[in-house]
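Hi everyone, thanks for coming. Let's take a few minutes to look at how two chains meet.

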Amino acid sequence: MLESAYSAFGMLFGCPCALNLIPFRLIYLVGGVLMGLTFGLIPGLTGMIGLALLLPFTFYMDAPAAFALMMGLLSITATSDTIPAVLFGVPGSGAAQATILDGHVMAKRGEAGRAFGAAFTASMIGGVFGGVILGLSVPILRPLVLAFGSPEIFMLGLLGIAMVGVLSGNAPLKGLVSGGIGLLIGMIGMDPQTGHLRWVYGETYLYDGVSLILIALGLFAIPELIGIAAKGTRIADQVPVSGGGTLDGVRDALRNWFLILRCSALGIWVGVIPGISSSVASWIGYGHAMQTERGARESFGKGDVRGVIAPESANNATEGGDLIPTLAFGVPGSASMAMLLGAFLIYGMKPGPEMITVHLDMTFLLMWSIILANILGTALCLLLSKQMVRLTRVRSELLVAPILVVVFLAAFEANREIADLIALLVLAALGWGMKQLDWPRAPLLLGVVLSSVIENYMFISVRAMGADFLTRPIVMTIAALIVGTLAYGFFVPRNRGIRAAEDTA
Amino acid sequence: MRTALRASAGAAFSLVLLIALAVLVKDAWNWPFAAKLFPLVIGLPALVLCAIQLAGDTSSTIAARRLTPGIEARLESTASRAALTWCWIVGFFVGIWLVGFVVSVPIFVTLYVVSTARTSWPVGFAFGGLTSAFMLAVFHFLLRLHWPTPLFSSLQDAILGWL
């Protein structure tokens, strides 16, 4: 196990064993971090959109470099999104909403530097903690995952769809329909079991199914760009003086190390549960700090630095937690993890038992990527926060056209046919309609990614055991969890804060 | 707050999804058993859930019509800006189809930046030029992308030939 962890570290730095010290994969990681910082800064452009744009171009890279790039991007958006949240009260992403409450008040008081120092340090510790827990969970999960056969993995896939469908957004019924539609879209093309062509309507373009890249770009990237264009404003007209005190903020964070560890643990726990986003983690962290810290009930919301530290450590830790079910069971907890899962499948790696046996070094590479990206991203934020503020002043209309060009080119890369662009527009119309009418899109993407996996495991289970596979103890336990999830989604009223967080996430 | 406009759109969207699901399920019905098992296992419950959603949307549409105080104007203004962006996107696609990426990208970016962001023409040209340079550097020279043949290919061919 330790050998795999060391080998993964070597993969990231080139190959130290062969004295080839050119860290080319590290350069990709740094590239991912820089993109992640930029996407986090600009409201509306989330890490997931960045991932959707990157995905088609990673096919030309070797797998470790591609995943270093993607993890670099994903791990760090929750750090730089703090900058517009603190300075302007506008979160770079949903994960920074809770930070506004105290961070923006601190900025108004002239303590933006202190807020940044505390937020970035807490983010780094949270992110590193999440990565470490991901690595430590491997030996714990290993016997559990290896005990799972096809029936259990089939049921886990259904559980993932049910959880993401019910818990993402605030309309469980819409979430489930969305997941169902995703599963059906994933079945378009040739059935691998029988060779029958499903829903191709004579179009050879559809024989291989609909590309995951097109679905990600159509459902998420274009609707978000239309949203940015429709708003038609810059984030802020005037940049307040950020003030000094960054080192004071770092000291504040270190002084509250136990709060950071507690909130990071909460963030990891939230990440492990499919369907709950990092924005929820930051609200839970904030709420936990308010309930447990001395005097917090009076001082929170009035510029208390602990109100910045708690949500920032929680939202960065979710990434490590998110990866645990994705890698171990092939059940992604969020849309970005669904896309990462799709990338694994494209590279011929099947998340599940293989990730802790055959591809263990890749699992550890992801862990190192999260850890290094968080350290590097935090260092860059601490050094360059004043310069980064300028990016948030760019008018959104100026960004829309160049990004649209990249979206179209990325879509064309899917199959290199003009039909890719038609499919992109159709999916964009679907995604835009869903966004406008509060239909959660993450379950649809998850459905597409998991469709072939679930169907494959269902067929293996039915062929090997008939309907008897449903009577296996773990299968019945997971079935009970699915029923419990559905009951929770439909009958338990949800926390208003969580709803609000998810609405804007 | 739910407005009548939004609620009606919600019902219409649910109806479109319901019809699409019904067509998919109907098509799958006649496939061989092994090919249709999973599509029907997923499609039939999705169809039922979508019908329930449509019923809910329809009733909320009726309720919204009674209660809405008339904030449609603001919604329509945002919708019209979104519709305009959709026109740009579709126009960009038509441009690619007619004259190809290489020609339509600088034109699209320049016109969009000048007309929507209200910048000066030199700034628009700079944006168009930089985006095209990025596209050609990454996709033409680095990734060796085989550009799609547009309906009128002579201009694109001439530019690529010159490059």
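**Where A meets B**

So, chain A and chain B share 0 salt bridges, meaning a side-chain nitrogen of Lys or Arg within 4 Å of a carboxyl oxygen of Asp or Glu. Quick housekeeping: this is a predicted model, where local features need pLDDT of at least 70 and side-chain atom pairs count only at pLDDT 80 or more, while totals for chains, interfaces and linings use all residues. Residues are numbered from 1 along each chain as its sequence is written, chains are lettered from A and ligands numbered from 1 in the order in which they are written, and side-chain values use heavy atoms, leaving out hydrogens and water.

Back to the interface. The area buried between them is about 5,100 Å², that is, the accessible area (1.4 Å probe) the two parts lose on being put together, summed over both. Carbon and sulfur atoms give 83% of that.

Now zoom in on F408(A). Among the residues F408(A) touches are I222(A) and L421(A), plus F92(B), F93(B) and F101(B) from the other chain.

And chain A overall? Of its 505 residues, 62% count as buried, meaning under 20% relative accessible area (1.4 Å probe, protein chains only).

Technical notes. Buried means under 20% relative accessible area, exposed over 50%, partly exposed in between (1.4 Å probe, protein chains only). Contact means heavy atoms within 4.5 Å. Lists of a residue's contacts leave out its neighbours within four places in sequence.
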